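Subject: Structure handover

Hello,

Here is the structure I promised to pass on. Please open it first, then read my notes below.

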Amino acid sequence: MMDADPARFCMTFTWNCEVDGADNGADRLNQNCNECNTLGLLIDASSLLYHVAMKQEKVVYASPSTIHDSCQIHVHRLLRVVGRKGGVHLFFDGLPPREKFPSQIHRMSQQAACGDRLARRDVDEDNHESGRLLHHLAEWAFVEAIDRLRQRFSNTLHMHRASVGEAEPLINQWLVQNDGKYSRVVIISEDSDFLVYDSCPGFMPPSTLVYEDRNGRHSLRGRYYVRSKFLRSFLDQST
């Protein structure tokens with residue numbers, strides 16, 4: 001529903017971007033990085049991992065090596081955007097609740113079946129369903145890539161993992177406990193579940209992110225889904 005009418009639910013988020021005169025009337029959040037403005041990115045790690053793995057063209061089953069390198073490049077870009085005073089926080093899911101066991105087992109069965117077909121070179125690359133499977137070592141490769149980056153960016157790159165359940169409640173808890181840590185905080189995720197939390201003003205899907213490097217400025221723009229706009233649309237429909 002939200003993707004069908006982006007203007008109704010979204011605004012364009014920009015950080016360190018030069019605003020074109022033609023865009024001045026657009027609904028946007030625009031800020032530049034300086035001593036007063038700091039950016040904190042709270043990332044739903046599973047959403048970013050899925051986006052990076054599925055972005056590999058003509059790769060039905062992205063290998064751990066491919067995922068490792070691609071994740072490292074992607075997160076490094078985010079670190080360049082936030083700079084030395086900002087922060088990139090990756091939040092990982094914990095153990096799934098009992099209700100999710102059947103779906104977890106189903107996904108593992110799909111992964112095993114896809115790996116078997118690849119071993120026998122029996123894969124239809126036009127089959128989009130098989131192309132949407134993550135390698136069973138994908139998260140391990142992602143974490144290793146983050147660990148290597150943390151050796152260089154220990155002050156700005158942070159990992160968090162929920163003990164049980166998904167990352168969304170942990171991100172909500174972080175927002176409540178760290179209010180004011182950054183002048184601007186943006187959640188990066190493909191999951192609209194964030195809209196149920198009062199402390200989460202919105203989210204920005206990783207599939208909408210665009211990076212630009214111009215005159216030594218590392219900029220970011222993306223489609224920002226706004227919680228207040230989403231709620232307002234329901235109120236308008238009910239009246």
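The lining of the second largest pocket has ten nonpolar, five polar and two charged residues. (Ala, Val, Leu, Ile, Met, Phe, Trp, Tyr, Cys and Pro count as nonpolar; Asp, Glu, Lys and Arg as charged; the others, Gly among them, as polar.) This pocket has a volume of about 250 Å³. In total, 17 residues line it, and the closest to its centre are Leu175, Asp179, Val185, Ser199 and Pro201. Helix H6 (167–177) and strand E6 (184–188) each supply at least two lining residues. E6 gives the largest share, four residues.

How is a pocket found? Rolling a probe the size of a water molecule over the atoms shows where empty space is left. Here a 1 Å grid is laid over the protein atoms alone, with a 1.4 Å probe; a pocket is an open set of points with protein on both sides within 12 Å along at least five of seven lines, and lining residues have an atom within 4 Å of a point. Grid points are joined across faces, edges and corners, and the volume is the space filled by probe spheres set on the points.

Two notes on the source. This is a predicted model, in which local features need pLDDT of at least 70, side-chain atom pairs count only at pLDDT 80 or more, and totals for chains, interfaces and linings use all residues. Residues are numbered from 1 along each chain as its sequence is written, and side-chain values use heavy atoms, with hydrogens and water left out.

Now the whole chain. The protein chain has seven helices and nine strands (DSSP runs numbered from the N terminus; helices are H or I with at least four residues, strands are E with at least two). It has 239 residues, and 41% of them count as buried (buried is under 20% relative accessible area, exposed over 50%, partly exposed in between, with a 1.4 Å probe and protein chains only). Take the contacts with a separation of 6 or more: 69% of them join residues 24 or more positions apart (contact means heavy atoms within 4.5 Å).

Next, helix H2. How many of its ten residues are buried? Seven are, so H2 is mostly covered. The buried ones are Ala45, Ser47, Leu48, Leu49, His51, Val52 and Ala53. Their cover includes strand E3 (39–44), H3, strand E4 (87–92) and helix H5 (138–150).

Ser47 lies in H2 and is buried, because its relative accessible area is 10%. Not counting residues up to four places away in sequence, Ser47 touches Ser189, Glu190, Asp191 and Pro206. Met54 is also in H2, but Met54 is partly exposed, because its relative accessible area is 25%. Met54 and Ile67 are 13 residues apart along the chain, and their C-alpha atoms are separated by 9.5 Å.

Then look at how H2 (residues 45–54) meets H3 (residues 64–82). Their axes come within 9 Å and cross at roughly 115° (axes are lines fitted to C-alpha atoms, for helices over the stretch in contact, and angles run from 0 to 180 degrees between N-to-C directions). From H2, the contact uses Leu48, Leu49, His51, Val52 and Ala53; from H3, it uses Ile67, Ser70, Cys71, His74 and Val75. By class, that is seven nonpolar, three polar and no charged residues.

Last, His68. This residue sits in H3. Is His68 buried or exposed? His68 counts as buried, because its relative accessibility is 9%. Leaving aside neighbours within four places in sequence, His68 is in contact with Ala141, Glu144, Ala145 and Arg148.

Best wishes
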